[in-house]
Amino acid sequence: MTYYVYKVINSTGVEAQEQTIKRVRLRLVTNMHTDAGDDFSESCRSTEHFVLVHGAGHGAWCWFRLLRLLQDSGHRVSAVDLAGAAGSLVDPNHVRSFDDYNAPLLDLMASLPAGDKGVPDLSEHGDVYDLTFGLGADHPPTAVALRKEFQRIILYQQSPQEAIFIAATMLQFGYQTEQDIKDGVPDLSEHGDVYDLTFGLGADHPPTAVALRKEFQRIILYQQSPQEDSALASILLRPWPMALGTARFTGDDGEVESVIDRVRRVYIKTANDQMVQPEQQKAMIRRWPPSKVMVMDTDHSPFFSAPELLSNLILKSLAGGLSVVHAMHLFGDRIKQAIFIAATMLQFGYQTEQDIKDGVPDLSEHGDVYDLTFGLGADHPPTAVALRKEFQRIILYQQSPQEDSALASILLRPWPMALSTARFTGDDGGFESVIDRVRRVYIKTANDRMVQPEQQEAMIRRWPPSKVMVMDTDHSPFFSAPELLFNLILKSL
């Protein structure tokens, strides 16, 4: 969980007569707090524009002290809520990729003027926006979003699409044949009628979602798991979309096959699995042999029944500084300076084991500090993770005022597991040249228990910033020393 500030170049004015849609882009494309009006007015030209970006589990709210100090000094400030944050309308369990998580920041960056560019002119792409009329059709729109089919074309055309994929079913091309269904779809007929169906489109339409009935959940999913864990799961389990059964991937042209076969795969068999039978697991392994097969003597849910054996397989990754690195790759020409405050500063994200060692917090000394959420169901990988309340002050806020850490304990939210997929390409030289033109400042937090000082030093050594500053604080100087942080930021300009 890391926090950082970065400063973008001063914005130019936007004429008052701009059409409503352009104003909406600037004002509503992301949740943010500013000290200027709806538009980038003339008064902003003589001040800096700071963009404050929170770390995992937090939100724009964590900057409230620093935000006030910057605003009182006459600067323009935007505090962004990333997807799943407290001020976001997005469920963190629905965030499937780092691009999705970071989209509010990238949308904001895309809306900022670059030189005399002004408001983005996307007319060449046609009608690219979806408007929401939260107050009714006879009122101005209250929110705007870039349509999905245009997001990669406009925002992320050079962004990597890599991800770490973890799943219970291993079928190379999805459900193409009867054999695929036999091997990949759980056969629970021995237990009787185990499913509850939801007919979201009406009783005369096919079911839209399905859930395992509560009385069968422990028998099928958690028979070796602690009772308290299966009780928790019975509360958190949600129906899954019937659309999952439509998964089919083409590979007959050879292209998909050649790409997919370059990905190293490891299969972990669960020997006592009542959901995906061992025979089904063996069949999938035999039909599409992975690089390695490992076996656990557990039920279908080893994350409950044997978490210590899985501990080194689950990447409990926390991104913070990587959001700004991502923005630097895509919008380097619009960023004047990037300030990393005890943040993950990895030039290309999590590419190597060394990146993980330097950038992912190692909290093993504190024991089991995380609560995982399985938003897609217990037979899928976790979708979100949170720091347990009893560890929050110890790890994040040990030098912060009690009232601030109390506020944080109320507002902290789980963060998406998709943060671990952050990877940025730069091997063609294009991205690297852009990102290296952005001046970087790193502020070390000497008493940090989240991102250890040794990790901070390693990242600084591997990708030296223009300047390094040190604060004798915990991981959250925006609470523990906001005035000092404010002075250091201004000093770094």
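I'll begin with the overall picture, then go through some helix pairs, and finish with a few individual residues.

Before anything else, this is a predicted model. So, the overview: the protein has 19 helices and 16 strands. It runs to 493 residues, and 51% of those count as buried. The exposed surface comes to about 23,000 Å², with carbon and sulfur atoms supplying 53% of it. And if you take contacts between residues at least 6 apart in sequence, 74% of them join residues at least 24 apart.

Let me start with H2, residues 64-72, and H19, residues 482-492. Their axes are 9 Å apart, and the packing angle is about 50°. Parallel or oblique, how does H2 sit relative to H19? That angle makes the pair oblique, since roughly parallel would need an angle under 35 degrees. The crossing of H2 past H19 is right-handed. As for who touches whom, H2 brings Arg65, Leu66, Leu69 and Leu70, and on the H19 side you find Pro482, Glu483, Leu485, Phe486, Ile489 and Leu490. Sorted by class, the residues of that contact come out as eight nonpolar, no polar and two charged.

Next up, H6, residues 214-221, with H7, residues 227-236. The axes of H6 and H7 come within 10 Å and cross at roughly 135°. H6 and H7 are therefore oblique to each other as well, and their crossing is right-handed. From H6 the contact uses Lys214, Gln217 and Arg218, while H7 supplies Gln227, Ser230, Ser234 and Ile235. What classes do the residues in the contact of H6 with H7 fall into? One is nonpolar, four are polar and two are charged.

Now keep that in mind for H14, residues 389-396, and H15, residues 402-411. H14 and H15 pack at about 135°, with axes 10 Å apart. That angle makes H14 oblique to H15, and H14 passes H15 in a right-handed crossing. The H14 residues involved are Lys389, Gln392 and Arg393, and they meet Gln402, Ser405, Ser409 and Ile410 of H15. By class, the contact of H14 with H15 has one nonpolar, four polar and two charged residues.

Is Gln399 buried or partly exposed? Gln399 is partly exposed, because its relative accessible area is 35%, and buried would mean under 20%. Leaving out residues up to four places away in sequence, Gln399 touches Asn447, Asp472, Thr473, Asp474 and Ser480. Take Asp474 from that list: Gln399 and Asp474 are 75 residues apart in sequence, yet C-alpha to C-alpha the distance is 5.8 Å.

Over to another loop, the one between strand E11, 335-341, and helix H13, 353-359, where Gly349 is found. Gly349 has a relative accessible area of 1%, so it counts as buried.

Most residues other than glycine have a negative phi. At 0% relative accessibility, Ala342 counts as buried.

H13 comes up again with helix H17, residues 453-462. Which strands and helix do the buried residues of H17 pack against? They pack against H13, strand E15, 439-445, and strand E16, 467-471. The buried residues of H17 themselves are Pro453, Gln455, Gln456, Ala458, Met459 and Ile460.

Last stop, Ala103, which sits in helix H3, residues 98-111. With a relative accessible area of 16%, Ala103 is buried, because the cut-off is under 20%. Ala103 and Leu155 are 52 residues apart in sequence and 8.9 Å apart in space, again C-alpha to C-alpha.

That's all from me, happy to go back to any of these on the screen.

How values were computed. Residues are numbered from 1 along each chain as its sequence is written. This is a predicted model: local features need pLDDT of at least 70, side-chain atom pairs count only at pLDDT 80 or more; totals for chains, interfaces and linings use all residues. Side-chain values use heavy atoms; hydrogens and water are left out. Axes are lines fitted to C-alpha atoms, for helices over the stretch in contact, and angles run from 0 to 180 degrees between N-to-C directions. Helices (H or I, at least four residues) and strands (E, at least two) are DSSP runs, numbered from the N terminus. Angles under 35 degrees count as roughly parallel, over 145 as roughly antiparallel, 65 to 115 as roughly perpendicular and the rest as oblique. A crossing is left-handed if the near helix is turned anticlockwise from the far one by less than a right angle, and right-handed if clockwise. Contact means heavy atoms within 4.5 Å. Ala, Val, Leu, Ile, Met, Phe, Trp, Tyr, Cys and Pro count as nonpolar, Asp, Glu, Lys and Arg as charged, and the others, Gly among them, as polar. Buried means under 20% relative accessible area, exposed over 50%, partly exposed in between (1.4 Å probe, protein chains only). Accessible areas come from the Shrake-Rupley method with a 1.4 Å probe; for residues, only the protein chains shown count as cover.
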